[in-house]
Amino acid sequence: MKKKVLSVLLATAMVASLAACGEKPANQSTAPSSDASTSAPEVSSEAPAATYDLKQVKIMVDGTLNLTEETGLKEFEEAWEKEVGIDLVINKPDHSNYSEALALALAGTDKPDVVLMPAAMYSQYASFGTVLWDMTDAYENADFQSALNSKAVVNDGNYVNGRLYGMSPTAGNGCVTYVKKAWLDNLGMKVEDIKTYDDFYNMLVRFTKEDPDGNGVDGDTYGIIAPGLVSTEAPWTNYLPEFWQNAYPALVQDENGTWIDGFQTEETKAALERLRTAWADGVIDPDTSAFVGETKSTREKWFGNDQKGTAGCFAYWAGTWRQTLTDNLSKNQVETEVVQLPLIAEMDGFMDRKAPVWVIMNDTSLSEEENNARGQAIFDAFFESMLDGGNVQLLWTYGVEGMHWSMAAETVVLAPDIPEKRKETTYEEGQFHMLPGVLDNTALYKKNHIDNILSVRDLPSEYNVSASSDIATESSAEFYAHAISAPALPTSTTYAVQSAVINDAVQVAVNAVVKGEKDYDAAMQEYLATAGSVVETVLGELNAAQ
Amino acid sequence: MSKKKITTSTGAVVKQKPLGMRIWNHRGYYIMFLPVLAFLAVVHYWPMLGIRYSFYQYYTVMAPKFVGLQNFRNMFATNQFWIAFGNTLLLSIMKLIITTITSVVVSIFLNEMGNLFAKKSLQTIIYLPHFMSWAVVAGIFTLFLSASNTGVLNGMLHDWGILDPKTSISFLEEPKYWRTIFYIINIWKETGWGTIIFLATLSGINPELYEAADIDGATRMQKIRFVTVPALANTIFTVLILNLAKVMNMFESVFVLYNASVYRVADVISTYIYRQSFGTAVADYGYSTAVGLFKSLVGAALVLICNWASKKGRGRGII
């Protein structure tokens with residue numbers, strides 16, 4: 001009898017534990033203490049009449065929200081909730097697998113309310129018009145409209161079929177080529193003398209054949225490294241811009257607005273020839289073809305402690321990243337400044353990519369009217385506050401006051417435990433300044449999610465004396481002085497679901513040509529055999545929709 | 001209706017009790033089994049309802065739409081699918097054969113070692129790679145095989161004068177090297193673990209057989225050939241057919257080692273499904289599910305074939 005009683009108890013416990021596995025985490029199921037209900041204001045004649053009781057906003061964001069559990073994500077959440085009065089739940093998957101995590105989340109039933117979506121994904125989702133909330137009216141009538149700066153033009157490019165489904169708080173930004181100045185100095189070169197592709201290539205050759213790092217060994221370095229010969233996402237050419245120049249190896253509109261396959265153009269053929277020559281000459285670090293899409297591995301090799309086998313040039317995001325790369329080189333005892341290559345004569349400009357956009361997911365369980373009210377409520381709580389020009393924008397831009405930045409009178413000490421790097425700076429009361437990193441006290445914290453240099457709304461002037469160093473500001477200014485908008489992204493049903501076929505075929509063909517495994521014609525034949533029919537179908541759909 | 005008669009283990013013929021009464025009599029066991037049943041239903045069988053989406057056009061941006069066999073027609077008309085299918089069979093079967101052979105050879109070698117300390121030490125050393133994740137293994141071999149100045153193998157080839165110092169080989173990016181390297185990495189990682197079952201069999205061989213061979217004047221090689229290998233034959237066959245049933249389940253080892261340059265020789269069904277699901281802006285889960293279902297059906301067919309082969313060869317099935 002005892003055994004039977006015991007078995008019943010055991011079975012009950014197991015069933016209970018199984019049932020418990022299906023319960024929602026406490027932070028998702030617990031109703032917030034604050035019962036802040038946000039009514040949908042009338043924004044236009046088509047504005048929703050219903051109200052929506054918004055208690056919680058669940059967001060999904062990639063690593064561009066820099067804060068982590070260790071560096072103050074919880075404090076950020078609490079500060080946001082205090083300012084806005086609504087519960088904020090942040091889901092931040094691993095940055096390198098964000099697209100996969102996002103695709104899975106959007107296929108599930110428990111979708112996030114607000115999502116940061118890569119531009120390519122946004123253009124496809126928006127074209128279907130069924131999943132994302134149409135925020136056109138909300139955006140055009142938003143309180144922040146009158147305060148936006150010239151960079152807000154970025155959102156003009158987010159309209160799809162005349163409607164806006166997502167908004168970016170920053171300009172897109174793009175890549176410029178950074179050069180280790182010490183290497184130039186060692187070879188008696190100056191970055192301002194690099195004006196043409198030949199100048200650029202000559203520099204790469206000298207970095208490869210000579211001894212730019214001054215270690216006494218010729219030929220143990222490379223000219224340039226990149227995370228792939230062609231990027232895995234639009235605008236495709238940004239990591240080797242001087243080689244690709246004005247070629248665009250993807251579906252693109254020509255000067256007449258007709259969609260064509262940019263991969264089959266003469267410009268692309270010429271670019272592949274340049275890359276092929278460079279590969280044969282050994283000026284491109286061979287790890288470039290192994291690090292496809294792995295920007296972290298690439299940049300860590302570039303600024304790593306052991307400079308043997310590294311490269312002199314690396315194309316990466318303009319602006320704040322110039323300072324970050326400089327800091328990392330310094331941290332690794334690599335004594336060099338980072339200088340930015342000017343636009344070479346053969347390029348029309350630096351490619352300003354389409355920025356990732358914040359979108360609101362429709363709730364299909366609600367009526368259209370309720371869904372609109374919900375969308376407006378989320379817009380008011382999340383989007384309006386993100387660009388409020390005040391406390392919440394500061395949170396998104398710099399993090400939490402007292403933890404990441406401060407206005408207090410104090411002396412900030414960098415690297416307190418490393419005498420040769422220790423640096424003290426004293427600030428007066430009311431003087432804005434960043435604080436040392438939570439995990440790394442040798443450098444100041446730089447930004448949270450919004451890069452102030454790229455923000456579509458300026459913060460009050462006292463906050464613009466910001467974390468953005470002179471070199472970061474100078475880098476961004478140089479980029480935007482010569483920036484050209486990245487081409488519009490194709491939006492068609494076939495492209496939406498089969499773009500991987502085209503992208504894979506491009507990667508295969510580029511690698512085959514550049515590494516000399518196939519000549520251009522043979523590689524193009526294979527490309528057409530693999531992806532030709534998909535390309536043809538997509539071009540047909542795109543041009544029919546014109 | 002008359003009760004069914006059954007014969008007990010003692011040979012007595014008794015009338016079988018009604019099902020309800022039998023369940024009631026053994027209710028404790030049935031209650032204990034309930035959580036297992038619930039687990040199986042929820043974790044293994046309930047998700048199978050998703051199979052229906054292989055007959056739907058299922059984009060994440062709109063409600064699923066029934067399309068019949070269209071996804072399967074698309075799949076069979078796609079060149080890359082057949083490349084992936086062929087690679088799956090080739091890579092899996094070759095890997096199975098090669099790692100089984102190396103495991104047998106290493107097991108025999110270990111069995112012949114007289115020094116117990118050396119034997120145990122070697123066993124431990126060759127087991128260790130099995131416990132490393134594929135991501136770590138890929139990281140190690142990517143560094144080792146890198147074509148840049150930091151690549152160990154290229155450096156050695158340069159130093160030994162085998163390769164011109166001005167050129168390097170991107171081993172993991174060149175189709176002609178990729179499969180060989182894949183097999184070598186699998187041998188390095190899995191041979192040690194594969195020896196366990198063979199060593200267990202070897203330890204069970206009757207020593208009198210070796211004594212008899214000694215009396216007959218057999219050399220060491222002859223003892224291996226005529227005693228050890230025949231004793232292992234049944235185990236080798238069992239291991240082969242058990243693993244043959246799993247050949248379609250190849251993903252992680254390929255995923256961490258392949259790249260766009262080698263899709264032609266490396267892409268397998270699982271990595272193809274992965275790219276179809278996550279490599280596009282809008283995933284077509286209907287198509288991915290169709291490919292996944294096809295993979296499962298082939299896998300199920302292989303299990304049945306192996307079961308049949310097992311019955312023929314060993315006298316008993318594997319399921």
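How many Å separate the centres of domain 1 of chain B and domain 2 of chain B, taken over C-alpha atoms? The answer is in point 2.

1. Basis. This is a predicted model, in which local features need pLDDT of at least 70, side-chain atom pairs count only at pLDDT 80 or more, and totals for chains, interfaces and linings use all residues. Residues are numbered from 1 along each chain as its sequence is written, while chains are lettered from A and ligands numbered from 1 in the order in which they are written.

2. Domains of chain B. The assignment gives domain 1 (5-57) and domain 2 (71-314); such bounds come from an automatic or database domain assignment. The centres of these two domains, taken over C-alpha atoms, are 37 Å apart. Their contact takes 6 residues from domain 1 of chain B and 6 residues from domain 2 of chain B, where two residues are in contact if their C-beta atoms, placed from the backbone, lie within 7 Å. On the side of domain 1 of chain B that touches domain 2 of chain B there are 3 nonpolar, 3 polar and no charged residues. Ala, Val, Leu, Ile, Met, Phe, Trp, Tyr, Cys and Pro count as nonpolar, Asp, Glu, Lys and Arg as charged, and the others, Gly among them, as polar.

3. Domains of chain A. Chain A is divided into domain 1 (32-171 + 355-397), domain 2 (175-352 + 487-544) and domain 3 (405-444). Between the centres of domain 1 of chain A and domain 3 of chain A, taken over C-alpha atoms, there are 33 Å.

4. Chains A and B. In this interface, 42 residues of chain A are in contact with 39 residues of chain B. Helices that each supply at least two residues of the chain A side include α1 (2-21) and α5 (119-128) of chain A. The most comes from α18(A), with 10 residues. Helices (H or I, at least four residues) and strands (E, at least two) are DSSP runs, numbered from the N terminus. By class, the side of chain A that touches chain B has 21 nonpolar, 13 polar and 8 charged residues.

5. A:Lys58. This residue lies in strand β1 (residues 56-60) of chain A. A:Lys58 is partly exposed, with 19 other C-beta atoms within 10 Å (20 or more would be buried, 12 or fewer exposed, with C-beta atoms placed from the backbone). A:Lys58 and A:Asp87 are 29 residues apart in sequence and 8.4 Å apart in space, C-alpha to C-alpha. Leaving aside neighbours within four places in sequence, A:Lys58 is in contact with A:Val89, A:Asn91, A:Pro112 and A:Asp113.
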